[in-house]
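Please examine the sequence and the three-dimensional model shown below.

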Amino acid sequence: MNKPILLFCLFWAMTIFNSSAKDGYKLWLDYSPIKDASKASELNNLLNGVYFFGENPTYEVIRNELKQAGDGMLNMQPTFVSERLEAANLLLGSREQMSQLLGLDTQTEILKLGEDGYWRGPLEFEGKHYYAIIGNRPVGILYGVYDWLKSIQSNTFNKGTQHSDSPKIKIRMLNHWDNLDRTVERGYAGFSIWDWHKLPGYIDPRYIEYARANASIGINAVSLTNVNANARILTTDFMKKAKVLADLFRPYGIKVYLTARFSAPMEIGGLETADPLDPEVIAFWKKKTDEMYSFIPDFGGYLVKANSEGQPGPHEYGRNHAEGANMLADALAPHRGILIWRAFVYSHEIDEDRHKQANSEFEPLDGKFRENVIIQVKNGAIDFQPREPFHPLFGAVKETNLGMEFQITQEYLGQATQLVFLAPMWEEVLRSRTFRPTPNSTVAGIIDGSDSKQNLTLMAGVSNIGTDRNWTGHLFGQANWFAFGRQAWNPYLSSKEIAEEWIKLTFGQNQEILSTIEEIMLESHEAAVNYMTPLGLHHIMGRSHHYGPGPWVEGGRADWTSLYYHKADEEGIGFDRTSTGSSALSQYASQIAARWSDPNQIPEKLLLWFHHLPWDFKLRSGRSLWDEIALHYDKGVKTARKMKSDWESLESQIDPERFVHVDQLLAIQVQEAEWWRNACLLYFQTFSKRPFPQEIEQPEGDLDYYKSLSFPTAPGIRPQW
Ligand code: GCW
């Protein structure tokens, strides 16, 4: 029997015979037993006397969490004491309720932490020492509890020191691209976890596990449905279903949002138009929205994709995005609802570089949107590519609330067969200097309001969650869900810190495991960029499913072909976005435009995004462009192989279930990396007509073979693509 099959059988046997098999279902909330006796007794002591100030549904959630934590970490059940402060060790409550126990300084400090912040630390009251977790609102206390439990699991808890934290972004949101029939657009982890058919009567236990997981990383908003929206979600029947989810999520501090299809007044309202200035349309949305709030009093609001990729929108009626968004925002405003309008708009009918279209549409509308509107902007101007320069809208508008949209699901980044840790990519975007509105502004500073005027702040991530037992298809997809929550809470965290947190919670404290997995994770994104789209290449994936390489994709809508983006010919390769080309660079601050217009000054990782250059153009290494492209592809493959062998070095230290799962997928990843390299280099060689550099492994295979591959059952495609 070959090794993978042998390992698989072992894994199967473990799963069958071991009900507590590590199948990833528990995510980072595994609460594994504490081995250190003194730490165990410290926690035991705290859990033996948990005192809540007052009552609240969120406290029930906390009690449940403490029970699970006590059970997992100590094999004990906490004792909840009520009315007897003297019997308590761990105090939980709000600043107001606990004010008589807190000095003025601590009270002021906590007050400054705002709605979702928490303070935790030692307290002395009437001669007795306690440990306290305090927030201004119950959800703050919940966040404090999760943070405290995390510190115990990762062995950093110190009872004697204080710790406080609060999120920098107000709305920390998952966007599900889930359809009502449970298919998931760009979802690679099975079907949608929302079982609309069985709602409202049947509550899947997963809903609660989902809410716990999100709350544990600070996520406080979810849009349940696909942005390619179905108006049916706004019918009374579906509102009743959504209400059940909203009620379940409320104690976890999570608000429900839904996607609104712009043409809903026609589809479910019987109107002849969806014109945002039409009084009947306005009345439809007002009535619909009032009805929604009668079911879900704290409904978050609507998320809208309009006039993009065939979705209906205000343009049909000669209205602009502000007129469309404001009409919906006005319907939501009396209920304090938020309207999130996506900036991902482009049309093949407009003869303008796709990179420029969103900026061209939204910049002139700056200042025209209502206060409760947020424009949700993808991190880059094209579409979640393995690497994109930051979107020029960040910095271009000054009077408009901008939110960030990242894609957690790995549509263009290996889907669920590849381990690609996305935090380094997000970190790169968040730290990018925009030079606007001030010379030191960064993307993070704009979206968290510190470099911009906005109070209403948002970070959204397109979910990678599905019905797969481990939630995300690839175990390491969990790290991306986790990282998204952490970066939405604090966009200045480093990907290294986040990786460490996740590894400790998922795999424990062992130093070798930690350093090996951390290295794998931190090199994985650059590796994927190298074997897919190095040096600024982009959008050269297989048609529609975006699985694997497809640099030859042509025909049909130009802006959905690869040729549109790489523009390879016998002269050279790359998209000229300087003033001699599409001038997309002029949408950035002048400091950036000036530097990036020069192929010798632009960061090489973005070179071909902005320049069309000859094959023998010399890079900073002294090598030709062609050689560098080839070397990057080859390097990507070599890193993928190294990731696999590094993982294998941990075989004796990781439980067989998770070891085998990841090991099999890494084997696929290596094959896919080789496929990418071979297919792209053989294809580009037909233009460059140059040999491959000696030092690389010579790409093998036959270009026609690669071109002939087809994947009609690839996951995650919506039927009409
Ligand atoms: O990334 C592209 C996807 C589409 C998606 C679209 C969007 C929801 O290929 O599947 O549609 O972006 O973000 O609206």
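**Helix packing, loops and contacts across the chain**

Helix H2 (residues 37-47) and helix H3 (residues 57-74) have axes that come within 11 Å and cross at roughly 150 degrees. The structure is a predicted model, in which local features need pLDDT of at least 70 and side-chain atom pairs count only at pLDDT 80 or more, while totals for chains, interfaces and linings use all residues. Residues are numbered from 1 along each chain as its sequence is written, and side-chain values use heavy atoms, with hydrogens and water left out.

Two packed helices are described by the angle between their axes and the distance between the axes. Here the axes are lines fitted to C-alpha atoms, for helices over the stretch in contact, and angles run from 0 to 180 degrees between N-to-C directions. Helices (H or I, at least four residues) and strands (E, at least two) are DSSP runs, numbered from the N terminus. H2 and H3 are therefore roughly antiparallel to each other (angles over 145 degrees count as roughly antiparallel, under 35 as roughly parallel, 65 to 115 as roughly perpendicular and the rest as oblique). The crossing of H2 past H3 is left-handed, a term used if the near helix is turned anticlockwise from the far one by less than a right angle.

Which residues in H2 and H3 meet? On the H2 side they are Ala 40, Leu 43, Asn 44 and Leu 47, and on the H3 side Leu 66, Gly 70, Met 73 and Leu 74, where contact means heavy atoms within 4.5 Å. By class, the contact of H2 with H3 comprises six nonpolar residues, two polar residues and no charged ones. In this scheme Ala, Val, Leu, Ile, Met, Phe, Trp, Tyr, Cys and Pro count as nonpolar, Asp, Glu, Lys and Arg as charged, and the others, Gly among them, as polar.

H2 also has a buried side. Its buried residues are Ala 40, Leu 43, Leu 46 and Leu 47 (buried means under 20% relative accessible area, exposed over 50% and partly exposed in between, with a 1.4 Å probe and protein chains only). These residues cover an arc of only 125 degrees around the axis, which puts them on the same side of H2; the arc is that of the directions from the helix axis to the C-beta atoms. The face of H2 turned away from this buried side carries the exposed residues Ala 37 and Ser 38. The cover over the buried residues of H2 includes H3, strand S1 (48-52), strand S2 (79-80), strand S3 (90-94), strand S5 (128-135) and helix H5 (138-153).

H5 has a further helical partner. The axes of H5 and H6 come within 9 Å and cross at roughly 85 degrees. That makes H5 roughly perpendicular to H6. In this contact, Leu 142, Tyr 143 and Tyr 146 of H5 meet Arg 212, Ala 215 and Ser 216 of H6. The residues divide into four nonpolar, one polar and one charged.

Several loops contain backbone features of note. Leu 27, in the loop between helix H1 (3-17) and H2, has a positive phi of about 55 degrees although it is not a glycine. At 7% relative accessibility, Leu 27 counts as buried. The loop between S7 and H6 holds Arg 182, whose phi is near 80 degrees, a positive value in a residue other than glycine.

Is helix H11 (354-362) enclosed or exposed? Eight of the nine residues of H11 are buried, so it is largely enclosed by the rest of the structure. The buried residues pack against helix H10 (321-332), strand S11 (338-342), S12, helix H12 (393-396), helix H18 (563-566) and helix H20 (607-610).

Asp 366 lies in the loop between H11 and strand S12 (373-378) and, at 22% relative accessibility, counts as partly exposed. Asp 366 and Thr 400 are 34 residues apart in sequence and 5.7 Å apart in space, C-alpha to C-alpha. Thr 516, in helix H17 (residues 511-532), counts as buried at 13% relative accessibility. Not counting residues up to four places away in sequence, Thr 516 touches Asp 646, Ser 649 and Leu 650.
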